[in-house]
Each structure stands twice: as C-alpha cells, then as structure tokens.
Amino acid sequence: MEEKWKRKLTKVQYRVLAEKGTEIPFTSKFVKHSEKGKYICVACGNVLFDSETKFNSYCGWPSFWDAKKGAVKFHTDKSFFIKRTEVVCAKCGGHLGHVFNDGPKEHGGKRFCINGVALGFKKK
Ligand SMILES: [Zn+2]
C-alpha cells in the first residue's frame, strides 16, 4: 500500500495520508470551496463528506460537521500531549485529520477538521 501511495500521491499528500502530517492552514483550495458535490479520499476514492455538511470554521482547514456513514474511522491520538480524535479513511486507512467537539451545535456539535490535500472533489 505504501509503495502504491508513493507512486500515486504527491509528496504533500503522502506526508498527510501516510505519515499523519498536517498541511499548512489556509493553503487548501477547499477551505473556501463551496460548490455542491462530494468530497472523496484522494488515495482511494472513498466518498467521505457531502458539501451539505461543510461549514466555515475559520480554522484554516476544510471543516465538516458530519462524515458519510461508515466512511471514516476514529483513533485516539495522544501525540502533542493532548488527547485528540484522529479521523482516518475507513477504506484505505489514510490519515485525514481530527474531529473536535466545538462544531455547530445545531448539527450535533462536531467539527471534522480535514486536510484539504487528502481530499478530492466530485461535482454534483
Ligand atoms: Zn481512502
């Protein structure tokens, strides 16, 4: 899988998906992206988020209040001395970002903070 990823992904994408890196905030074209459609895993094509659940959190990364059912998995991440919940693609295991509990309350209070380089987009 790692070798396949190395061929398919750019250096930055590989650093995020395989090595759990974080892209520089406000660098992703998806931060202010508001077209209707579906966001997919750039490594395997798994449909992860719907544009309907995207919101502007001003954190610098594409943010969603929910993921597609069964599309992502969660891991407890204890790096950097704070407990965070890591979000990975349920299909290929690629690192996507983290989920926090300070999202819009009217939608359940979750904020999926996702690296834009880990995403692809399919227009509706
Ligand atoms: Zn994937």
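Me: A salt bridge here means a side-chain nitrogen of Lys or Arg within 4 Å of a carboxyl oxygen of Asp or Glu. Which residue forms a salt bridge with Glu86?

Reply: Lys20 does. This is a predicted model, and in it the closest N and O atoms of Glu86 and Lys20 are 2.9 Å apart. The pair links distant parts of the chain, 66 residues apart: Glu86 sits in strand β6 (residues 84-89), and Lys20 in the loop between α2 (11-17) and β1.

Me: Glu86, buried or exposed?

Reply: Buried, because its relative accessibility is 5% and the limit is under 20%. Lys20 is partly exposed, at 48%.

Me: How many salt bridges does the structure hold?

Reply: It holds 6. One of the others joins Lys123 to Glu35, with closest N and O atoms 3.2 Å apart. That pair also links distant parts of the chain, Lys123 being in strand β9 (residues 119-123) and Glu35 in the loop between α2 and β1, 88 residues apart. Lys123 is exposed at 62% relative accessible area, while Glu35 is partly exposed at 33%.

Me: What does the side chain of Arg111 meet in a salt bridge?

Reply: Asp102, with 2.6 Å from N to O. Arg111 counts as buried, at 12% relative accessibility.

Me: Which residues are linked in a network of salt bridges?

Reply: Lys38, Asp50 and Lys68.

Me: Switching to the metal. Which residues are the protein donors of the zinc ion?

Reply: Four cysteines, each through SG: Cys41, Cys44, Cys89 and Cys92, lying 2.3 Å from the zinc ion. Along the chain the donors follow the spacing C-x2-C-x44-C-x2-C.

Me: What is the geometry of the site?

Reply: Tetrahedral, with angles of 102 to 116 degrees among the 4 donor atoms. For comparison, the ideal angle for four tetrahedral donors is 109.5 degrees.

Me: Is Cys41 buried or exposed?

Reply: Cys41 is buried, with a relative accessible area of 1%. Cys44 counts as partly exposed, because its relative accessibility is 24% and buried means under 20%.

Me: How do strands β1 and β2 run?

Reply: Antiparallel, with 3 bridges joining β1 (residues 37-41) to β2 (residues 47-50). Ile40 has Val47 in β2 as its bridge partner. The hairpin has 5 residues between the strands, and Gly45 in that hairpin takes a positive phi near 85 degrees.

Me: Now the rings. How many aromatic pairs does a search of the whole structure find?

Reply: It finds 8. Among them, Phe30 and Tyr39 form an edge-to-face pair, 5.4 Å centre to centre with 85 degrees between the planes. Both residues count as buried, Phe30 at 5% relative accessibility and Tyr39 at 0%.

Me: Which residues do ring pairs link into a cluster?

Reply: Phe30, Tyr39, Phe49, Phe64, Phe74, Phe112 and Phe121.

Note on methods
Residues numbered from 1 in each chain as written. Predicted model: local features only at pLDDT ≥ 70, side-chain atom pairs only at ≥ 80, totals over all residues. Heavy atoms only, no water. Pairing = 2+ DSSP bridges. Helix = DSSP H or I, 4+ residues; strand = E, 2+ residues; numbered from the N terminus. Donors = N, O, S within 2.8 Å, 3.2 Å for Na, K, Ca; no water. Tetrahedral: all angles 85-135°; square planar, octahedral: opposite > 155°, others 65-115°. Buried < 20%, exposed > 50% of the residue type's maximum accessible area, 1.4 Å probe, protein only. Phe/Tyr/Trp six-rings, centres within 6.5 Å; stacked < 30°, edge-to-face > 60°.
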